[in-house]
Amino acid sequence: MEAAGARSRDVLGRVASLPGGCAEKVPPERKVYMDYNATTPLEPEVMEAMTEAMRDAWGNPSSPYPAGRKAKDVISTARESLARMVGGEARDVIFTSGGTESNNLVIHSAVEHFRKTHASGGDAAEHHSPVAGALPHCVTCLVEHDSIRLPLEHLVEEQVAEVTFVPVSKVSGQVEADDVLAAVRPATCLVSIMLANNETGVVMPVPEISRRIRALNQQRAAHGLPGVLMHTDAAQALGKRRVDVRDLGVDFLTIVGHKFYGPRIGALYVRGLGELTPLYPMLFGGGQERNFRPGTENTPMIAGLGKAAELVAENCEAYEAHMRDVRDYLEERLAAEFGKRIHLNSRFPGTERLPNTCNFSIQGPQLQGRLVLAQCRTLLASVGAACHSDHGDRPSPVLLSCGVPFEVARNAIRLSVGRGTTRAEVDLVVRDLKQAVAQLEGQA
């Protein structure tokens, strides 16, 4: 694993980004990358799989000749690897362009299924549905990724659906199962709760919510109410902790390749695809992916995604243990260097969090997170989610939702370590942060 990490760092030595994600030429001394929650480099084995697919499996997967059959085999193998990574069946996995498409597809499917089975008119009227004429209703939480929040807000604006955004607890940083269940209405068709938050690393109680939704669905069926579908966006959790759809009890699970050292495509797990769980396509074309996601398959990217999933399935426990050790060392060093000035924004007593994520603030009036990172010579990181990089100096809404005070939240920096991050690199980063603080406070 250490050799793979070293090769990944070689790649990172040639690619750098500003805090907030904008590409820029940077001095060679800025070489310690700690923004793995934003994206990860390709593992060498992943690049090899993609190169081999481009060379040998270049045919159209729907074609009968050897290059086409080879492409189809590559896709089939990748699908099996993804299923093994999440504890599901290969037939329940479809490939998408990424997490945003997967999340939009889930929302679209839940709303469309409600409309077709319970809206006024047609079969719904014939069966006198108790929610006939009602708009479909979705439940999610306030700290979800924009690819959940924005599609739902759009549906509300278009008066296509209604949405309840449940707050998270300021004590645990989690959305509470009681609050989610309390938000369910007769017309609720979907609950979508992320598995782990991208800024704090807090792991949400998805298994408990799913279990209670299943029990509720039995009661709803007896009264002719629509079943509530359960979705989790597992983008941040995959590759950092074990993820098993059987334990989670979800109907849908979003997979994002570039979060676990794979290419920038994604997949969607659907429990009993098309039989137990409905899925309605957003695209129409040549019938690929059993008509659920048509379009000629991107064989090289799928091959890379499959290889990345294979590595996770084989090594997840080792990855998790290594990242937790380095992250804990990072927090120890920060506390030792900055003492009481450090506020660990992602630590909630008794709450599980991702093993690689450290969100902290160095308290001081001149120490806004962006300003500190701009003074760093070694560290490459961000103040939070890359999709919020245009928010200027406004504090993260996620941190504010979790109860982090405004003046603390505006100083936040998110460090996320990777498979190859070392304790020596942590020492470099802490030293770099120390000089950055000194510069800003006029002590250098």
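The second largest cavity in this predicted model has a volume of about 60 Å³. A cavity here is a set of points on a 1 Å grid over the protein atoms alone where a 1.4 Å probe fits but cannot get out. Points are joined across faces, edges and corners, and the volume is the space filled by probe spheres set on them. Of the 13 residues lining the second largest cavity, T40, K240, K259, Y261 and M323 are the closest to its centre; a lining residue has an atom within 4 Å of a point. The lining divides into six nonpolar, four polar and three charged residues. The structure holds three cavities of 30 Å³ or more.

A word on conventions. Residues are numbered from 1 along each chain as its sequence is written, and side-chain values use heavy atoms, with hydrogens and water left out. Because the model is predicted, local features need pLDDT of at least 70 and side-chain atom pairs count only at pLDDT 80 or more, while totals for chains, interfaces and linings use all residues.

Y261 is found in the loop between strand 7 (252-256) and strand 8 (266-270). Is Y261 buried or exposed? Y261 is buried, with a relative accessible area of 5%; buried means under 20%, exposed over 50%, and partly exposed in between, with a 1.4 Å probe and protein chains only. Y261 has a positive phi of about 70°, although it is not a glycine.

Q159 also has a positive phi without being a glycine, near 60°. Q159 is found in the loop between helix 6 and strand 4, and at a relative accessible area of 65% Q159 is exposed.

Now the overall picture. The protein has 14 helices and 12 strands; these are DSSP runs numbered from the N terminus, H or I of at least four residues for helices and E of at least two for strands. Of the 444 residues, 58% count as buried. Among contacts in the protein with a separation of 6 or more, 73% come from residues 24 or more positions apart, where contact means heavy atoms within 4.5 Å.

Helix 6, which precedes Q159, covers residues 146-157. The 12 residues of helix 6 reach 16 Å from first C-alpha to last, close to the 16 Å expected at 1.5 Å a residue; the expected span is 1.5 Å times one less than the number of residues. D146, S147, I148, P151, L152 and L155 are buried in helix 6. What do the buried residues of helix 6 pack against? They pack against helix 4 (99-118), strand 3 (137-141), strand 4, strand 5 (188-192) and strand 6. As background, an α-helix has 3.6 residues a turn, so residues three or four places apart point the same way.

V166 is in strand 4 (residues 162-166) and, at 4% relative accessibility, counts as buried. Leaving aside residues up to four places away in sequence, V166 touches V139, T140, C141, L142, V175, D179, V180 and A183. V166 and V180 are 14 residues apart in sequence and 6.5 Å apart in space, C-alpha to C-alpha.

M230 sits in strand 6 (residues 229-233) and is buried, with a relative accessible area of 2%. With residues up to four places away not counted, M230 touches V191, I193, V206, I209, S210, I213, V250, D251 and F252. From M230 to S210 there are 20 residues in sequence and 6.5 Å in space, C-alpha to C-alpha.

Next, a charged residue in a loop. R353 lies between strand 9 (342-344) and strand 10 (357-362). R353 is buried, with a relative accessible area of 12%.

Last, helix 14 (residues 423-440). At 1.5 Å a residue its 18 residues should span 26 Å, and the end C-alpha atoms are 26 Å apart, which agrees. Buried residues in helix 14 include V426, V429, V430, L433 and V437. Just after helix 14, G442 takes a positive phi of about 75°.

Note on methods. On a 1 Å grid over the protein atoms alone, a cavity is a set of points where a 1.4 Å probe fits but cannot get out, and a pocket is an open set with protein on both sides within 12 Å along at least five of seven lines; lining residues have an atom within 4 Å of a point. Ala, Val, Leu, Ile, Met, Phe, Trp, Tyr, Cys and Pro count as nonpolar, Asp, Glu, Lys and Arg as charged, and the others, Gly among them, as polar.
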